[in-house]
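Please work through the following exercises with the sequence and the structure open beside you. Each task is followed by a solution that goes step by step.

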Amino acid sequence: MPATNNISPIPVIAIFDIGKTNKKRFLFDESYNVVEETSSKFEETTDDDGDACENLQALTKWVRDSMDELFQRKDILVKAVNVSTYGASFVHIDKNGEAVAPLYNYLKPFPKELEAEFYGRYNGAVTFSMHTASPTLGNLNSGLQLYWLKSRKPALFEKIRFSLHLPQYITYLFTGRTYSDITSIGCHTALWNFPQNHYHEWLYREGIIPKLAPIFPSDQAMHANWKGSPILCGVGLHDSSAALIPYLAGFKSPFLLISTGTWCISLNPFNQSKLSVEELQDDCLCYLEYRGKPIKASRLFAGYLHEQEVKRLADFYNVEEDAYKNVSFNPDIISKFTGRHSNWIDRSEKRPVAEDFSTLDLSDFPDYETAYHRLMFSIAEAQVYATDLVLHGAPVNNLFVDGGFGKNPIYMQLMAAAYPQLDVYAASVAQATALGAALAIHRYWNSKPVPDNLINLQHYAVDVRV
């Protein structure tokens, strides 16, 4: 008999992981191996005020074309789909489900007089920010975008049937159903009253509540179909919350995650205490994780500082910008700065400011290695202060550092020295946000247990020479 090709299609979940720059689509198999990764970029366009914004038309077409291509293939069987995207961004649709406004950029300047008017109406910025766990951030407080539309573009506002955060708009393209999601609502949006655990009063008073779709659980899936093919679909997630899910799935013992990039964000999923005025002033905020629990977080603009200062060091010492990658940790150099062979980080002093390094004269350092150690010590001092804010009253057993600083031995050794009571690890998760979106609805599409090797860990112990 002639040979036949009976290779079964691979069951997968498709994840649309949409960043400001790169729009990616991942296919994961049931063991969470990446079967395929594709990436696209779109040129920005401008909104109706002439400000730069996402090309919503191109993004929508890419998503629909991607789904068509997936369901025409014979080598895979798409069992489910979910979404993770950047936050603080609304797509406004009318009663026919069509977008009626640009996807306004959260970096768009927010009118100062309108901001003053808003906080004047609602008990002042400090009280309002405490209730919503949202520092005053202009359009990054995505709820204020709706207030701005109502005030400055009332005709457009009237056309809106639903304002969907970006993840839920992408999900809407798959399902035709309009929902909201708690991870997008609960992330510096000024929408959620954290002490009372529901939408803030201002949304009712301003008549905005009817434009917010019902909340669908972030850890559940809905039945839908794509042009006749059945599919399970998650509601979509804010990317910062999605990136935490692999850690929540992999570790039951209390932990703190420092997610390092341009911003270094300390996330303590085991700290549900109320935000104080002092914490708010120290750049703390709260997130809602995918199961609806509040997470206290603190922010530090350390990645950006590092990027700027290694350029200054490279120019001064006439080396390549990435020369720091070849600098090994030397505790003797750290001890020269502090006069101590251990306990380098002195918590008794006033709040350290990492940016103070920018004011130092590099000619005071004998060489590049010493100067770079001093930069990393400044960053570590500030990081310990910020991290302590979310550890207070909610101790953990493990401290994980992912992102760029997790690969920096000086940073990691200083963290290990600052937290001798904790197990400190550099952690890495391949495609953490996409993986988190897949794990959020694991029980609906995947009969296999979650693998226990999704996170790579490197332990750091205190390295001190006496």
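**Exercise 1.** In this predicted model, find out how far helix 4 (residues 142-152) is enclosed, and name what covers its buried residues.

*Solution.* Begin with the count: 8 of the 11 residues of helix 4 are buried, and the helix is therefore largely enclosed by the rest of the structure. Next, locate these residues, which are S142, G143, L144, Q145, L146, Y147, W148 and L149. Finally, look at what lies over them: the cover includes strand 7 (90-93) and strand 8 (162-165), together with helix 2 (112-121), helix 5 (154-159) and helix 8 (201-205).

**Exercise 2.** Decide whether V63 is buried or exposed, and list what it touches beyond its neighbours in sequence.

*Solution.* First find V63 in helix 1, which covers residues 56-72. Its relative accessible area is 1%, and because buried means under 20%, V63 counts as buried. Leaving out residues up to four places away in sequence, V63 touches F16, I170, L173 and F174. As a check on distance, compare V63 with D367: the two are 304 residues apart in sequence, and their C-alpha atoms are 51 Å apart in space.

**Exercise 3.** Work out which strands pair with strand 6 (residues 76-85), and in which sense they run.

*Solution.* Start with strand 1 (residues 10-18), which pairs with strand 6 in the parallel sense over 9 bridges; within this pairing, V81 of strand 6 is the bridge partner of A14. Then turn to strand 12 (residues 229-234), which is also parallel to strand 6 and is joined to it by 2 bridges, with A80 standing opposite L232. Strand 13 (residues 237-238) likewise runs parallel to strand 6, again over 2 bridges, and here T85 stands opposite H238.

**Exercise 4.** Follow strand 12 to its pairing with strand 11 (residues 221-226), and describe the hairpin that the two strands form.

*Solution.* Strand 11 and strand 12 run antiparallel and are joined by 6 bridges. One of the paired positions is W226, whose bridge partner in strand 12 is S229. Between the strands of this hairpin there are 2 residues, and K227 takes a positive phi near 50 degrees.

**Exercise 5.** Identify the residues that touch the most other members of the largest nonpolar core, and examine the surroundings of Y419.

*Solution.* The largest nonpolar core has 83 residues, of which W202, L313, Y372, I379, Y411 and Y419 touch the most other members. Helix 13 (residues 368-391) gives the most to this core, with 13 residues. For Y419, set aside the neighbours within four places in sequence; the contacts are then R347, V384, T387, D388, L391, L399 and V424. A second core of 40 residues is separate, and A243, A297, V429 and A437 are among its members.

How values were computed: Residues numbered from 1 in each chain as written. Predicted model: local features only at pLDDT ≥ 70, side-chain atom pairs only at ≥ 80, totals over all residues. Heavy atoms only, no water. Pairing = 2+ DSSP bridges. Helix = DSSP H or I, 4+ residues; strand = E, 2+ residues; numbered from the N terminus. Core = buried A, V, L, I, M, F, W, Y, C linked by side-chain atoms within 4.5 Å. Buried < 20%, exposed > 50% of the residue type's maximum accessible area, 1.4 Å probe, protein only. Contact = heavy atoms within 4.5 Å.
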